[in-house]
Amino acid sequence: MNNQRPTTIMQNKPKFSAMLQTNAFQKSLHNAMGNPKEIQKFTAAITSVVSTNPQLEECEASTILSAALCGHALALPPSPQLGLYYMVPFKDRKNNRTVATFVLGYRGYNQLAIRSGQYKRLNVIEIKEGELLGWDPLTEEINVKFIDDDATREATETVGYYAYFRYVNGFEKAIYWTKDKMKQHAMKYSAGYANDVKKGTSFTFWAKDFDSMAKKTMLRQLISKWGVMSVEMQNAYIADGAVIDKDGNPESYSNDNMIEAEFGTSQPNDSEEIIQPQNQPQIDEDPYAGTPFADEPQSFSIDDLAE
């Protein structure tokens, strides 16, 4: 009889879509947005994300809503296919609960940097075995010979990561990390990844797509230490990887208390991209533009979800 109790409890747990209709959640939505049409688009988008990722249903509904509202405040839509931010289930062992954390994608870092209007170029790329001819950490000069054939390059082992930006005023900065240094960083700051390495599992984003997480880390290191950070970017940086409380404040936890939930989560297949913005997007543009939830949706098919 006792073995059936946890299952019964899970079955009685209200779905997130139902929780969105409660007075408390509706009050939070109206306080954050006010515009009924905006609330409707937001509700449709976030419900779609949760419905396609059953693991998010395991999380406390309030943490899902708070993470999504954090993304909305940054004018970032929640679609995992866009890769701007993710709501990742984590086990809060200290409080014996599963929560959704706000995780900014490296495309999100790119988007927020573009909005500042300060960056002429911003890029991060993997360095493959045999490509690096030299790197001077003092002058930040790098000498590489890229593999010409894309298929061959894709199949070649990654040995490091290079990130670079140039302001519109000409100031530039670059960093290079070896893959070994990146692994040490991941092991130190991701208890889940350390557990994956120890057990030979692949539950975390680091284990599933190390290169994408590495590129995000490079941008985070580069921009936070030497880049221009708008108030919007600062807020995103602080919220990244945190549980957002009901008041919109990020709650930080130690690695000992938080571990990425041990089940598959929606994982992007980020690819490298070079951003050379010509026209800066306006903050008041519809954050759902280009998604099925825009005011005037563009043509959309299942093929658009392929990476």
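**A loop residue, and the fold around it**

Trainee: Where is serine 79 found?
Mentor: The model is a predicted one. In it, serine 79 sits in the loop between α6 and β1.

Trainee: Is serine 79 buried or exposed?
Mentor: A residue counts as buried under 20% relative accessible area. Serine 79 has a relative accessible area of 18%, so serine 79 is buried.

Trainee: Which side chain does the side chain of serine 79 join in a polar contact?
Mentor: The two side chains lie 3.0 Å apart in this polar contact. The partner of serine 79 is glutamine 81.

Trainee: Which value does phi of alanine 75 have?
Mentor: Alanine 75 is found in the loop between α6 and β1, and alanine 75 counts as buried at 15% relative accessibility. Most residues other than glycine have a negative phi. In alanine 75 phi is positive, near 60 degrees.

Trainee: Does asparagine 96 count as buried or exposed?
Mentor: Asparagine 96 has its place in the loop between β1 and β2 (97-104), and its phi is positive, near 55 degrees. Exposed means over 50% relative accessible area. At 72% relative accessibility, asparagine 96 therefore counts as exposed.

Trainee: How many Å does helix α4 reach from its first C-alpha to its last?
Mentor: Helix α4 covers residues 36-51, which is 16 residues. At 1.5 Å a residue, 22 Å is expected. The helix in the model is close to that, with a reach of 22 Å.

Trainee: Which residue caps the N-terminal end of α4?
Mentor: The cap places a side-chain oxygen 2.8 Å from the backbone nitrogen of lysine 37. That oxygen belongs to asparagine 35.

Trainee: What covers the buried residues of α4?
Mentor: The buried residues in α4 are Ile39, Lys41, Phe42, Thr43, Ala45, Ile46, Val49 and Val50. What covers these buried residues includes α2 (16-19), α3 (23-32), α5 (54-57), α6 (61-73) and β1 (85-92).

Trainee: At roughly how many degrees do the axes of helix α9 and helix α10 cross?
Mentor: Helix α9 has residues 179-189 and helix α10 has residues 191-199. Lys183, Ala186, Met187 and Tyr189 in α9 meet Ala191, Tyr193, Ala194 and Val197 in α10. The two helices are roughly perpendicular to each other. Their axes come within 5 Å and cross at roughly 110 degrees.

Trainee: How many Å apart are the axes of α9 and helix α12?
Mentor: α9 and helix α12 (residues 210-226) pack at an angle of about 85 degrees, so α9 and α12 are roughly perpendicular to each other. Lys179, Met182, Lys183, His185 and Ala186 of α9 make the contact with Phe210, Ala214, Thr217, Met218 and Gln221 of α12. The axes of α9 and α12 are apart by 11 Å.

Trainee: How many helices and strands does the protein chain have?
Mentor: The protein chain has 307 residues, and 44% of them count as buried. Among contacts between residues at least 6 apart in sequence, 68% join residues at least 24 apart. The secondary structure comes to 13 helices and eleven strands.

Trainee: How many contacts does the stretch of residues 254-307 have beyond near neighbours in sequence?
Mentor: The mean pLDDT of the protein chain is 80, and 78% of its residues reach 70 or more. Over residues 1-10 the pLDDT is below 50, and beyond near neighbours in sequence this stretch has one contact in the model. Over residues 254-307 the pLDDT is also below 50. Beyond near neighbours in sequence, the number of contacts of residues 254-307 in the model is 137.

Definitions and conventions: Residues numbered from 1 in each chain as written. Heavy atoms only, no water. pLDDT = per-residue confidence, 0-100. Contact = heavy atoms within 4.5 Å. Helix = DSSP H or I, 4+ residues; strand = E, 2+ residues; numbered from the N terminus. Expected span 1.5 Å × (residues − 1). Buried < 20%, exposed > 50% of the residue type's maximum accessible area, 1.4 Å probe, protein only. Polar contact = N/O pair within 3.5 Å; in protein donor to acceptor, adjacent residues only side chain to side chain. Axes fitted to C-alpha atoms, helices over the stretch in contact; angles between N-to-C directions. Parallel < 35°, antiparallel > 145°, perpendicular 65-115°, else oblique.
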